[in-house]
Amino acid sequence: MSKLRPWMFAAAVGGFLAVGFGAFAAHGLGDPKAKEWMHTGATYAFMHVMAVFAAAFLASRGSRRARIAPPLFLAGVVLFSGSLFAMALGAPRWFGAITPIGGLLFLVGWAVLAWASLEPGQD
């Protein structure tokens with residue numbers, strides 16, 4: 001079994017949840033701020049679960065560095081999107097302090113992918 005398969009499975013589950021949360025934002029919430037948080041969380045979650053698949057593709061082509069990105073992206077989804085989802089569903093506003101940590105993990109994940117693209121043999 002590929003070492004990337006668990007990350008791809010987690011990304012697929014994350015994509016499923018992102019679509020579900022996005023639909024809930026569109027149809028199940030009345031509060032405009034809650035809708036905004038849910039929509040932003042779903043958008044960033046979906047974008048970054050797709051980035052996990054991109055990293056897995058690079059890794060399947062031999063990039064060792066690309067294997068570092070999936071856990072960064074998925075942890076970012078949990079912290080960034082998860083904190084926004086929690087606030088949209090009524091969690092205390094201090095959950096917003098967690099959101100930038102997830103954003104930082106997204107940035108590190110993208111930096112790792114950039115670094116991976118420079119790895120020898122990635123032509």
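Which residue with a positive phi follows α3? That is Gly-90, whose phi is near 110°; the tour reaches it at the last stop.

**Before selecting anything**

This is a predicted model, in which local features need pLDDT of at least 70, side-chain atom pairs count only at pLDDT 80 or more, and totals for chains, interfaces and linings use all residues. Residues are numbered from 1 along each chain as its sequence is written, and side-chain values use heavy atoms, with hydrogens and water left out.

**Stop 1: the whole chain**

Show the protein chain as a cartoon. Four helices and zero strands make up its secondary structure, in the order α-α-α-α from the N terminus. Helices (H or I, at least four residues) and strands (E, at least two) are DSSP runs, numbered from the N terminus. The C-alpha trace spans about 50 × 25 × 20 Å along its principal axes.

Of the 123 residues, 37% count as buried. Buried means under 20% relative accessible area, exposed over 50%, and partly exposed in between, with a 1.4 Å probe and protein chains only. Take contacts, meaning heavy atoms within 4.5 Å, between residues at least 6 apart in sequence: 72% of them join residues at least 24 apart.

**Stop 2: helix α1**

Select residues 5-27, which form α1. Its end C-alpha atoms are 33 Å apart, which agrees with the 33 Å that its 23 residues should span at 1.5 Å a residue. The expected span is 1.5 Å times one less than the number of residues.

Now color Ala-11, Gly-14, Gly-15, Ala-18 and Ala-25, the buried residues of α1. Their cover includes α2 (32-60) and α3.

Next, select Phe-9, also in α1. Phe-9 counts as exposed because its relative accessibility is 60%. An α-helix has 3.6 residues a turn, so residues three or four places apart point the same way.

**Stop 3: helix α3**

Select residues 69-88 for α3, which reaches 28 Å from its first C-alpha to its last. Of its 20 residues, 14 are buried. Center on Gly-82, where α3 bends by about 30°; the bend is the angle between axes fitted to the seven residues ending there and the seven starting there. Finish at Gly-90, which follows α3 and has a positive phi.
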